[in-house]
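Here is a structure to question term by term. Each answer sets a value against its cut-off.

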Amino acid sequence: MEQEDIKELYIRLSKDFSVLSFDEVLAECLKIAKKFYACYPLLFELGTLLINHTSQVEQIMEKALEWFHRVRTEADETNLQKESLLMEAFCLLQLQRPSEVIDILEPVNMQPGSPEPLLASAYRAIGNDQEAKKILQVGIYKEIMTLFNL
């Protein structure tokens with residue numbers, strides 16, 4: 001599916017959430033995902049759509065997590081993999097699984113993007129505030145170094 005078609009579908013489904021029942025729109029999302037399961041940009045957008053339109057319903061978070069994991073592990077596009085990694089970590093945090101967030105985001109110096117806030121949240125969730133502060137300091141240092149390299 002082309003990027004423009006994905007964008008139009010996202011907008012339509014987003015509007016559907018405000019006029020149709022959640023279950024109807026969810027069923028359509030699942031049907032579309034099944035039909036286009038190899039279209040990783042679409043799976044990423046569908047996962048994002050579900051997260052944005054759910055009140056932490058565990059089943060929905062699990063489905064979005066599944067899709068983000070698939071995109072992260074099977075897509076060829078590096079940026080999409082990076083974004084999926086962070087969305088996967090977000091879902092895991094919402095599902096109260098901080099140890100898994102730590103597993104997929106460490107070591108922080110090897111990760112693309114900015115996983116530090118998610119990783120720090122995971123450490124705080126398991127009660128390790130000291131490690132959370134350390135992770136955030138690393139993130140601040142990386143961002144400052146990036147700024148100076150401009």
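Q: What makes helix α3 largely enclosed by the rest of the structure?
A: Ten of its 13 residues are buried, so α3 is largely enclosed. Buried means under 20% relative accessible area, exposed means over 50%, and partly exposed lies in between (1.4 Å probe, protein chains only). The buried residues of α3 are Y40, L42, L43, F44, L46, G47, T48, L49, L50 and I51. Their cover includes α1 (3-19), α2 (22-35), α4 (58-74) and α5 (78-94).

Q: How do you know what kind of model this is, and which atoms count?
A: The model is predicted: local features need pLDDT of at least 70, side-chain atom pairs count only at pLDDT 80 or more, and totals for chains, interfaces and linings use all residues. Residues are numbered from 1 along each chain as its sequence is written, and side-chain values use heavy atoms, with hydrogens and water left out.

Q: Why is α3 called a helix, and how does its span compare with the expected one?
A: Helices are DSSP runs of H or I with at least four residues, numbered from the N terminus. Helix α3 covers residues 40-52, which is 13 residues. The expected span is 1.5 Å times one less than the number of residues. From first C-alpha to last, α3 reaches 18 Å, close to the 18 Å expected.

Q: Is E88 buried or exposed, and what does it touch?
A: E88 lies in helix α5. Its relative accessible area is 5%, so E88 is buried. Contact means heavy atoms within 4.5 Å. Not counting residues up to four places away in sequence, E88 touches L65, F68, H69, R72 and I104.

Q: Why is E66 called partly exposed?
A: E66 is in helix α4. Its relative accessible area is 35%, so the label is partly exposed. The C-alpha atoms of E66 and G47 are separated by 8.7 Å, with the two residues 19 apart along the chain.

Q: What makes the contact of R12 and D16 a salt bridge?
A: A salt bridge needs a side-chain nitrogen of Lys or Arg within 4 Å of a carboxyl oxygen of Asp or Glu. For R12 and D16 the N to O distance is 3.1 Å. They are four residues apart in helix α1, so about one helical turn separates them. R12 is partly exposed at 36% relative accessibility, whereas D16 is buried at 13%. R12, D16 and E28 are linked in a network of salt bridges.

Q: How do you know that R70 and E74 pair?
A: Their side chains meet in a salt bridge at 3.0 Å, N to O. R70 and E74 are four residues apart in helix α4, so they are separated by about one helical turn. R70 is buried at 16%. E74 is partly exposed at 41%.

Q: Which residues make the nonpolar surface patch?
A: I140, Y141, I144, M145 and F148 make the patch, about 540 Å². Patch residues have over 30% relative accessible area and no salt bridge; like charges are joined within 9 Å, nonpolar side chains (Val, Leu, Ile, Met, Phe, Trp, Tyr) within 5 Å. Areas come from the Shrake-Rupley method with a 1.4 Å probe; for residues, only the protein chains shown count as cover. F148 lies in helix α8 (residues 129-148). At 64% relative accessibility, F148 is exposed.

Methods
Helix = DSSP H or I, 4+ residues; strand = E, 2+ residues; numbered from the N terminus.
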